[in-house]
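Here are some exercises to work through with the model open beside you. Try each task before you read its solution.

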Amino acid sequence: MKLAPADFRRLLAAARRAQRRAYAPYSRFKVGAAVLTVSGKIFTGGNIENASYGLTLCAERVAVAQAVSAGQRRFKALAIVTSAAGATPCGACRQVLAEFGDCVILCAATGRRQVQQLRLAELLPRAFRF
Ligand code: THU
């Protein structure tokens with residue numbers, strides 16, 4: 001199922017705002033993410049890099065952590081905004097999202113009109129679970 005136009009717009013706007021707050025002094029690749037819960041709330045995050053590189057947090061996982069910390073675990077959709085057309089959430093973020101079930105994934109690039117609309121289950125079929 002696709003996302004309602006109003007949800008689509010406000011989720012992307014939230015991801016764009018989050019991208020501006022990303023902390024990416026090493027890669028200079030800022031990512032903004034926003035998750036929409038089934039209750040209609042939006043939680044956002046930007047990537048947070050670290051001098052040790054490996055401790056970097058992806059934007060998607062920051063947004064998920066914000067939502068889960070606020071008691072929200074049912075997601076309708078997640079949007080990301082990057083500077084690269086065709087960028088999608090990394091494998092680790094896909095697995096973290098899959099923990100909370102399938103959802104719509106929107107991928108947008110700054111300065112481009114086209115937004116890819118996918119489902120998490122397409123990006124990560126047969127996610128790990130036990
Ligand atoms: N990054 C994300 O925030 N999300 C992804 O799904 C992939 C990559 C960040 C991590 C790092 O700060 C920068 O993008 C370059 O890899």
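**Exercise 1: The sheet and a helix across it**

Helix H1 (residues 5-20) lies across E1, E2, E3, E4 and E5, at about 145 degrees to E1. Keep in mind that this is a predicted model.

Task: work out the strand order of the open sheet, and find which strands stand at its edges.

Solution. 
- Start with the order: the five strands of this open sheet run E2-E1-E3-E4-E5, and their pairing is mixed.
- Next, look at the ends: strand E2 (42-46) and strand E5 (115-119) each have a single partner strand, so one side of each is left without a neighbour in the sheet.
- Going from one strand to the next, the twist averages 15 degrees.
- Now zoom in on E3 and E4, which run parallel and are joined by six bridges. Thr82 has Ala109 in E4 as its bridge partner.

**Exercise 2: The nonpolar cores**

Task: find which elements give two or more residues to the largest nonpolar core.

Solution. 
- Begin with the core itself, which has 20 residues; Val35, Phe75, Leu78, Leu97, Ile105 and Leu120 have the most contacts inside it.
- The elements giving two or more residues are strands E1 (32-37), E3 (75-82) and E4 (104-109), together with helices H2 (59-69), H3 (91-98) and H4 (120-123).
- Among these, H2 gives the most, with four residues.
- A second, separate core has 14 residues, including Leu36, Ala77, Leu106 and Val115.

Task: decide whether Gln95 is buried, partly exposed or exposed, and find what Gln95 is in contact with.

Solution. 
- Locate Gln95 in helix H3.
- Its relative accessible area is 25%; buried would need under 20% and exposed over 50%, so Gln95 is partly exposed.
- Apart from neighbours within four places in sequence, Gln95 is in contact with Leu124, Ala127 and Phe128.

**Exercise 3: Aromatic pairs**

Task: classify the pairs Tyr26 with Tyr53 and Phe128 with Phe130.

Solution. 
- The count comes to three aromatic pairs.
- Tyr26 is partly exposed at 38%, whereas Tyr53 is exposed at 57% relative accessibility.
- For Phe128 and Phe130, the centres are 6.0 Å apart and the planes lie at 35 degrees, so this pair is tilted.
- Phe128 is exposed at 58%, and Phe130 is exposed at 93%.

Key: Residues are numbered from 1 along each chain as its sequence is written. This is a predicted model: local features need pLDDT of at least 70, side-chain atom pairs count only at pLDDT 80 or more; totals for chains, interfaces and linings use all residues. Side-chain values use heavy atoms; hydrogens and water are left out. A nonpolar core is a set of buried Ala, Val, Leu, Ile, Met, Phe, Trp, Tyr and Cys residues joined through side-chain atoms within 4.5 Å. Buried means under 20% relative accessible area, exposed over 50%, partly exposed in between (1.4 Å probe, protein chains only). Two strands pair if DSSP finds at least two bridges between them. Axes are lines fitted to C-alpha atoms, for helices over the stretch in contact, and angles run from 0 to 180 degrees between N-to-C directions. Contact means heavy atoms within 4.5 Å. Rings of Phe, Tyr and Trp (its six-membered ring) pair if their centres lie within 6.5 Å; planes under 30 degrees apart count as stacked, over 60 as edge-to-face and the rest as tilted.
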